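User: Hi! I'd like to walk through this one with you. Could you start wherever you like?

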Amino acid sequence: MPELPEVETVRRGLVPVLEGRTILATHLNRPDLRWPLPERMAERLTGARVLRLGRRSKYLLAELSTGETLIVHLGMSGRILVSGVTLGHFVHDHPAPQKHDHVVFEIEGGARITFNDPRRFGAMDLTATTALDCHRLLAGLGPEPLGNGFHELYLIGRLGGRQTPIKAALLDQRVVAGLGNIYVCEALHRAGILPLRQAGRIAAARLAILVPATRTVLAEAIEAGGSSLRDYRQADGELGYFQHNFRVYGREGKPCPTPGCPGTIRRVVQSGRSTFYCPQCQR
C-alpha cells in the first residue's frame, strides 16, 4: 500500500496539471470504490477549479472553488495516470480505456487524469472544506511526521506507558499520520531501536533520536520520488511509484549496512506484516 512518500510524489506530480485548472468533465464508470462514491459526484466536480492540491497522511486533498474538497485514497492497487500533457521526458497520449479505469477527469489544458484500481480498495469522498478536519477519515489522525507537531516531547508523551511494540505504536495513525510498514522499519533501524521493544520502555533519549531518523527516511524517499518524476521512464504516465534503496526492508539474510556492524538482517512477522531489522545494532 502506498505510504506517505509515494502519496506525496503523486501530489507533486499532479500539482502542475491540476492546481489552478478547471475540471471540465468527470466520468464515473462505476458507482463505488471501497465505499459508494459521493452523491452527484460528477455534477459537483465538473466546472470546479482546483485551488490547491494538498496531502494529509496518505490522503490527497483537492481544495475546490465550490467550497468542497475532494479526498482521494489510493488503497492497495490504485494508480493515477496522467495523459495529454508532458510528464518528465514524455508526452503521454490518451490511452485506450482500460477495464479498471473507474474515475476519469478531463482537465483544462488538455490533461486527462485516470484513477485505475483493480482491487477497488481506493476511496474518494467530497466534503465541505471548512469541515475537512472533522471528516471521518481525517479526524483521528496524529501529527504529520514532517510537520512541527511531531517532535521529541510529543513522541515521548504519546508513547509513555504503552505496552505495544514500538513498531505497532508508530503504525497507529492516531500517534503519527502517514507512516507505514516500510518506512517504520527503516526509521527504527536508523534509530537503533528494536521493533519488538515495548514502546513505553524505550528511554526518552532514544525516542528523541527516532524523530530525526523518521524525518530523514521520509525526506530521502520523497527526494527519490521527485527524481523519478524529473526523469520519468514509464510509458503510461503512472505517478507515485519509484525505486528506493532500503537499508533493511526486503533485505532478509543480507549484511547490515550500518558501518562496522557484523549483523545480518532478520525478518519476523508482527500483526501479519513483515518486520525487518538487525539484531546486532537494534536493541
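Analyst: Happy to. Let's begin with Asp-172, which counts as buried because its relative accessibility is 13%; buried means under 20% relative accessible area, exposed over 50%, and partly exposed in between, using a 1.4 Å probe and protein chains only. Before going on, note that this is a predicted model, where local features need pLDDT of at least 70, side-chain atom pairs count only at pLDDT 80 or more, and totals for chains, interfaces and linings use all residues. Residues are numbered from 1 along each chain as its sequence is written, and side-chain values use heavy atoms, leaving out hydrogens and water.

User: Got it. What does the side chain of Asp-172 meet in a salt bridge?

Analyst: The side chain of Arg-174, at 3.0 Å from N to O. A salt bridge here is a side-chain nitrogen of Lys or Arg within 4 Å of a carboxyl oxygen of Asp or Glu.

User: And is Arg-174 buried or exposed?

Analyst: Arg-174 is exposed, because its relative accessible area is 54%. So this salt bridge joins Arg-174, an exposed residue, to Asp-172, a buried one.

User: How many salt bridges does the count come to?

Analyst: The count is 14. Among them, Asp-32 pairs with Arg-30 at 2.9 Å, N to O. Asp-32 is partly exposed at 23% relative accessibility, and Arg-30 is partly exposed at 26%. Glu-106 also forms a salt bridge with Arg-112, with the closest N and O atoms 2.9 Å apart; Arg-112 is partly exposed at 21%.

User: Which residues are linked in a network of salt bridges?

Analyst: Glu-8, Arg-11, Arg-12, Arg-55, Arg-56 and Glu-144 are linked that way. In general, side chains of opposite charge can pair when their charged atoms come close.

User: Switching to strands. In what order do the 5 strands of the open sheet come?

Analyst: The order is S1-S8-S9-S5-S11, with antiparallel pairing. S1 and S11 (238-239) are the edge strands, each pairing on one side only. Strands (E, at least two residues) and helices (H or I, at least four) are DSSP runs numbered from the N terminus, and two strands pair if DSSP finds at least two bridges between them.

User: How many bridges join S1 to S8?

Analyst: There are 5 of them, and S8 covers residues 101-107. His-27 has Val-104 in S8 as its bridge partner.

User: Which helix lies across S5, S8, S9 and S11?

Analyst: That's H1, residues 4-18, running at about 35 degrees to S5. The angle is taken between N-to-C directions on a scale from 0 to 180 degrees, with axes fitted as lines to C-alpha atoms, for helices over the stretch in contact. Contact means heavy atoms within 4.5 Å.

User: And how enclosed is H5?

Analyst: H5 (residues 181-191) is largely enclosed by the rest of the structure, because 10 of its 11 residues are buried. The buried residues include Tyr-183, Cys-185, Glu-186 and His-189. Just after H5, Gly-192 takes a positive phi of about 70 degrees.

User: Which residues other than glycine have a positive phi?

Analyst: Arg-120 is one of them, with phi near 55 degrees, and Ser-271 is another, at about 50 degrees. Most residues other than glycine have a negative phi, and most peptide bonds are trans. Arg-120 sits in the loop between S9 and S10 (123-128), and is partly exposed at 30% relative accessibility. Ser-271 belongs to the loop between S12 (266-270) and S13 (273-277), and counts as exposed at 73%.

User: What about the hairpin of S2 and S3, which residue takes a positive phi there?

Analyst: Ser-57, near 55 degrees, in a hairpin with 2 residues between the strands. S2 (residues 50-56) and S3 (residues 59-64) run antiparallel and are joined by 6 bridges, with Leu-53 facing Ala-62 in S3 as its bridge partner.

User: Last one: where does Pro-38 lie, and what does it touch?

Analyst: Pro-38 is in the loop between S1 (23-28) and H2 (41-45). Leaving aside residues up to four places away in sequence, Pro-38 touches Arg-44, Met-124, Asp-125 and Leu-126. At 12% relative accessibility, Pro-38 is buried.
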